[in-house]
Amino acid sequence: MFNHLLSLLIWLPIAGAVPVLLAGSARPNLARWLALLFMVLTFVASLFLLPQYDAAKGGMQLVESHLWIASLNVHYGLAVDGISVALILLTTVVGILVVVGAWEVIQDKPHQYMAAMLALEGVMIGVFCATDALLFYVFFEAMLIPMFILIGVWGGPRRVYATLKFFIYTFLGSVFMLIALLYLYHKAGTFDLHALAALPLTFNEQMWIFFAFLLAFAIKVPMVPVHTWLPDAHVEAPTGGSVVLAAVMLKVGTYGMLRFILPIVPDAGQHFAWLVIALSLVAVVYIGYVALVQEDMKKLVAYSSVAHMGFVTLGIFIAFLLARQLGDVDTAQLGMQGAMVQMISHGFVSGAMFTCIGVMYDRLHTRLIKDYGGVINVMPWFGFFYVLFAMANCGLPGTSGFVGEFMVVLASFKANPWIAFFAAFTLIIGAAYTLWLVKRVLWGEIHNPHVAEMKDINGRETFVLLAFAALTVALGIWPEPLIHLMDSSVSQVVQQLAIHKI
Amino acid sequence: MPTLNDILILLPEFYLVAVACLLLLLDAFMKPEQRGTLHWIAVVVLVVTGYMVVAGQPDVTVTAFGGMFVRDQVSEILKVFALLSTLLVFIYARPYLVERKQFVGEFYTLMLFAVIGVMLLVSAGNLVMVYLGLELLTLSSYALVALNRDSPLSSEAAIKYFVLGALSSGMLLYGMSMVYGATGSLDLAQLHVAVTQSAMPHLLVFGLIFMLVGIAFKLGAAPFHMWIPDVYQGASTPVTTFIASTSKLAAFGMAWRLLETGMGGLSQHWQPMLAAIAVLSMAIGNLVAIVQTNLKRMLAYSTISHMGYLLVGLVSAGPEGYSAAMFYAISYALMSTVSFGVILALARAGFECEEIADLKGLNQRSPWFAALMALALFSLAGVPPLFGFYAKYLVLQAAIDAHMLWLAIVGAVFAIIGLYYYLHVVKVMYFDKPEEGGADQPQADASLRVVLSINALALLVLGVYWGPLLGWCRRSFGLG
C-alpha cells in the first residue's frame with residue numbers, strides 16, 4: 001500500500017498550518033475549523049499506523065529513505081518501531097484535544113495560535129520518526145520556534161522571561177549534541193542511526209559523547225538539576241502550550257535517550273548509569289517535596305511532571321544495570337517497558353491535569369491554590385474529572401499512572417532494593433501533594449465569592465476531559481494493547497543494550 | 001596585446017563596465033522624473049550579466065591576460081551571488097531612495113562599479129589584480145557611504161571608513177610587496193609554488209601577516225572590525241545592505257584567492273592566526289551585539305560574529321572547509337539582504353526604523369513583515385530548519401574534520417550566546433505591544449514586497465533543499 005505514511009504524518013499538519021495562517025484574524029472561526037480538520041486528518045492517518053505496523057515482528061518498519069544531501073551522504077530517513085508508533089498516536093490525540101481546548105479560550109490571533117500548534121505537531125512527529133541523526137536534530141530544534149512563539153505571545157505575565165529561558169536552555173543542550181553528532185559523522189561518514197550504533201568507539205570518546213547527549217536530553221526531559229526552565233515555562237504558557245509541553249515534548253527527551261545514548265554509547269551509559277539513576281531518584285523524592293510546597297497549581301503539576309519523568313529515566317537506566325551488570329535481561333525489559341508505559345501514561349495524565357487547571361483559570365484568572373476552595377460545590381462534573389486525574393497522577397491502581405510506575409519499581413527492586421525503596425516514595429509523596437491539592441481546591445467551604453459564580457464545564461470542555469479520562473482509565477485497566485504494541489521493540493532495545501563497543 | 005579570447009573571457013565584466021558608463025551618461029541627460037527607467041535598466045543589466053557569467057562559463061578553468069584574470073567555478077558562483085545580492089539591494093532600495101530624494105543616478109553607477117570590482121577581485125589571478133579589484137570596490141563604497149551628504153552621521157562614517165580602509169589597503173599592499181620580495185612573483189599560481197621554496201621564509205611570513213590584516217579588515221573580523229558598526233549605522237540602509245551582502249562575498253573570494261591559491265603552502269602559519277581572529281570575532285561580535293539598541297548596529301556586530309564563523313571554515317585549509325566557508329558567505333548574503341530589506345520596507349520618510357524599539361509589536365501591525373524578519377533572525381541565529389543552521393553546521397563540521405574540535409566547541413558556545421540578541425528582536429516584534437511612532441505600514445512597492453518575500457521564504461526552502469547549492473559549492477572546489 002501507500003508507503004509514505006510517515007512523511008504524510010509529518011507534512012500534513014505542517015502544510016495545514018499555511019491555510020490556517022491564511023485564514024487570518026478576520027476569519028477566526030474558519031482558522032479554528034481548518035485547524036481541527038487538519039488535526040483530525042492527521043489523527044486518522046496516524047491510526048493507519050496500527051494495521052500497517054507489525055507489532056509482533058518489531059524493529060524499524062515503514063522505512064522511507066531518500067538521499068537528502070548527496071554530497072554528505074545525509075538521508076531523509078524515516079521509520080518507526082512500536083515505541084514511536086505509541087508516541088505518534090499520543091501526539092495526534094493530544095493535538096486534537098489541544099485545538100478543541102483552545103477553541104474559545106484563545107481570542108487573540110487564534111489563526112497564529114492554531115498554525116503554531118499544527119507546525120509543532122508535525123515537527124514532533126518528525127522527531128519520533130527520524131532515523132538520520134541530522135534529520136532528528138533538525139526536527140528536535142525546529143520544535144523550539146513554534147513553542148517559543150506560543151509561550152511568548154499567549155502566555156502569562158512573565159512569559160517573556162519564561163520563553164527566552166526555555167529557548168536558550170534547550171538550545172544550550174542541543175548545540176553540544178550537535179558537536180557530538182558531528183564528531184560521530186567525522187568517524188562514521190554517515191548520520192544513519194543504525195550505522196552509528198555499530199560504530200566502535202573508545203571509552204573516552206563514548207564518555208564525552210554520552211555527556212553531550214545527556215545534557216541535551218536531560219534538559220528536555222527535564223532532569224534535576226537542569227529542570228528549572230520547566231516550572232517557568234509551564235506557569236507562563238497558555239493551557240494548550242502546557243499540555244503539549246508536558247504530554248509530548250518532554251517525551252522527546254527520553255525518546256532521544258533511547259535512540260541515541262542506548263545504542264551509540266552503551267559502555268559509557270553503563271558506566272554512568274549510577275549518575276542518571278541517582279538524579280532520577282532525586283527527581284522522584286526531592287522534587288516531590290518541592291511540589292508539595294507550591295502555591296501555584298500549574299507549578300505544582302509542573303514539578304510533579306519532573307518527578308514522574310524521573311521514573312522514565314530511572315526505568316531506562318535501571319535496564320542498563322540489570323542487563324549489563326546483573327545479566328538479567330527479562331527484568332531489564334520489564335523496567336524499560338515500565339518506562340515506556342509511564343511515558344504514554346504521563347502524557348495523558350499531565351495533559352489532563354493542565355487542561356483542568358486551564359478550565360479553572362479561564363473562569364477565575366488565577367492559578368493560586370489559596371484563591372480556590374469548594375469548587376466541587378459549583379462544578380460537580382468538573383470535580384469528578386479532576387479527582388479522577390488526581391488519582392491517576394498519584395498512581396492509583398486502575399488508572400494508567402499505576403501500571404508504569406509499578407513495573408519500574410518492580411524492576412528496580414531486582415537491581416537494588418534501596419533504589420526501589422526511594423522510587424516507591426513517589427507513591428506517598430505523589431499522593432500527598434496531589435491529594436492535598438485536591439483538598440484545597442475542590443473540597444471545603446467556598447471562601448472566595450468569585451468561586452461561587454463559577455459555572456460547570458460546558459460541552460467542549462467535557463469532551464476534552466472525557467477523552468483524557470477514557471484514555472487514562474483504558475490504559476489503567478487494559479494496558480495490554482499498548483504493551484503488545486511496544487513489546488518486541490522494547491526487547492530489541494534491551495538487546496542492543498548488551499552490545500559492548502569497546 | 002590582448003587576444004580576442006582574453007576579451008571573450010572577460011566579456012561579462014566588459015559588458016558591465018560599458019553599461020555602467022552608459023548609465024552615467026544617460027543620467028546626465030535624463031529628467032529626474034524619468035529615473036525610474038534607470039532603475040529598471042540597472043536591474044536588467046545585472047540579470048544579463050549574471051546570464052553571461054553562467055552561460056559563458058567554460059568547462060575548465062581558463063585564464064586571461066597572462067594569468068591576471070582567472071575564470072573558474074569558484075569565481076562563477078561568487079559572481080552569480082554577488083550580482084543577485086546587488087539586484088536585491090536595487091529592488092529594496094528604490095522606494096527608500098525615492099522618499100528621501102536620494103534617488104540619483106550616481107547610486108546605480110557607483111553600485112555597478114563596485115560590482116565590477118567584486119567580479120575582478122574574485123577572479124583575480126595576480127596580486128595586482130587583487131588590489132585593483134579591491135580598490136575599485138572600496139573606493140566606490142566610500143563614495144556610496146558618503147552619498148547621503150547632508151547627514152553628518154553618514155559623512156562621519158564615510159571618513160572613518162575611508163581612513164581605516166586606506167590604512168588596511170596600505171597594509172595589504174605592504175604585505176604584498178614583501179611577499180614579492182621574498183618570492184619574486186606576483187602571480188598567485190606561481191606564488192603557490194614559490195612560497196614553499198623561498199629563500200627568505202621569515203620575510204614571507206612577515207608579509208603574510210600584513211596580508212592577513214588586510215583580509216581581516218575587509219571581512220570585518222575582530223580585532224579589525226572597528227569600522228563595521230559605525231559604517232553600518234551611518235551609511236544609508238541600502239548601502240549598508242550592499243556592504244553586508246555583496247562585499248562579504250567579495251571578501252571571502254579575496255581571502256580564498258590570497259590564502260589558498262597564493263599562500264596555500266604557508267597554511268601552517270596562517271591557520272593559527274586565522275583561528276585566533278575567528279575566535280575573537282565570534283566573541284566580540286556576539287557579546288557586544290547583546291547590548292545594542294540600534295538595530296543596524298546590532299546587525300553590524302552580528303556580521304562580525306558571522307565573519308568569525310566563516311573564518312572557521314577557512315581555517316581548516318582544505319576543500320571541505322573552503323566549500324563550507326563559501327556556503328556560509330552565500331547564506332550570510334541572503335540572510336542579511338532579508339534583515340536589511342525588512343528595515344528598508346518599514347522605513348518611511350522621516351522614519352528610519354533603525355532602533356530595535358521601532359519594531360515593537362510589529363506582529364500586530366504587519367504580521368507578514370514580522371514573519372519575514374523572524375525568518376531572517378532565526379536563520380542568522382542558526383536555528384534549524386532554516387538556511388543559516390546548515391551554514392553553521394558545515395563550518396563546524398569542517399573544523400572537526402580538520403581535527404580542531406576545540407574551535408567547533410567555541411563556535412557552538414558563541415552560537416548560544418548569539419541566540420539571545422536575535423531572540424530579543426523576535427520578542428520585541430511578537431511579544432511587546434506596539435507603540436506610537438513605531439514601524440507602521442510597510443512600503444507598498446509591489447516589487448519590493450514580492451522579492452523580499454521570495455528572499456525570506458528562500459531561507460526556509462533552502463533550509464530543506466540545500467543539497468544542490470552545497471553540491472555546487474563543493475564541485476567548485478573539486479569535491480564530489
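Author: With burial. A residue is buried if 20 or more other C-beta atoms lie within 10 Å of its own. Bear in mind that this is a predicted model.

Reader: How many residues of H11(B) are buried?

Author: In H11(B), 25 of 26 residues are buried, leaving the helix mostly covered.

Reader: What span should the 26 residues of H11(B) have?

Author: At 1.5 Å a residue, helix H11 of chain B (residues 237-262) should span 38 Å. Its end C-alpha atoms lie 35 Å apart, which agrees.

Reader: Where does H11(B) bend?

Author: At B:Ser247, by about 35°.

Reader: Now a helix pair. How do the axes of H16(B) and H18(B) cross?

Author: Angles over 145 degrees count as roughly antiparallel. The axes of H16 (residues 367-381) and H18 (residues 405-430), both of chain B, come within 9 Å and cross at roughly 170°. So H16(B) is roughly antiparallel to H18(B).

Reader: Which residues of H16(B) and H18(B) meet?

Author: On H16(B), they include B:Ala370, B:Met373, B:Ala374 and B:Leu377. On H18(B), B:Gly418, B:Leu419, B:Tyr422 and B:Val425 are among them. The contact has 12 nonpolar residues, 1 polar and no charged. For spacing, recall the general rule: an α-helix has 3.6 residues a turn, so residues three or four places apart point the same way.

Reader: How many residues does each chain bring to the contact between chain A and chain B?

Author: Chain B gives 27 and chain A gives 28. On the chain B side, H17, H18 and H20 each supply at least two residues. H18(B) has the largest share, 11 residues. That side divides into 20 nonpolar, 4 polar and 3 charged residues.

Definitions and conventions: Residues are numbered from 1 along each chain as its sequence is written. Chains are lettered from A and ligands numbered from 1 in the order in which they are written. This is a predicted model: local features need pLDDT of at least 70, side-chain atom pairs count only at pLDDT 80 or more; totals for chains, interfaces and linings use all residues. Axes are lines fitted to C-alpha atoms, for helices over the stretch in contact, and angles run from 0 to 180 degrees between N-to-C directions. Helices (H or I, at least four residues) and strands (E, at least two) are DSSP runs, numbered from the N terminus. Angles under 35 degrees count as roughly parallel, over 145 as roughly antiparallel, 65 to 115 as roughly perpendicular and the rest as oblique. Two residues are in contact if their C-beta atoms, placed from the backbone, lie within 7 Å. Ala, Val, Leu, Ile, Met, Phe, Trp, Tyr, Cys and Pro count as nonpolar, Asp, Glu, Lys and Arg as charged, and the others, Gly among them, as polar. The expected span of a helix is 1.5 Å times one less than its number of residues. The bend at a residue is the angle between axes fitted to the seven residues ending there and the seven starting there. A residue is buried if 20 or more other C-beta atoms lie within 10 Å of its own, exposed if 12 or fewer, and partly exposed in between; C-beta atoms are placed from the backbone.
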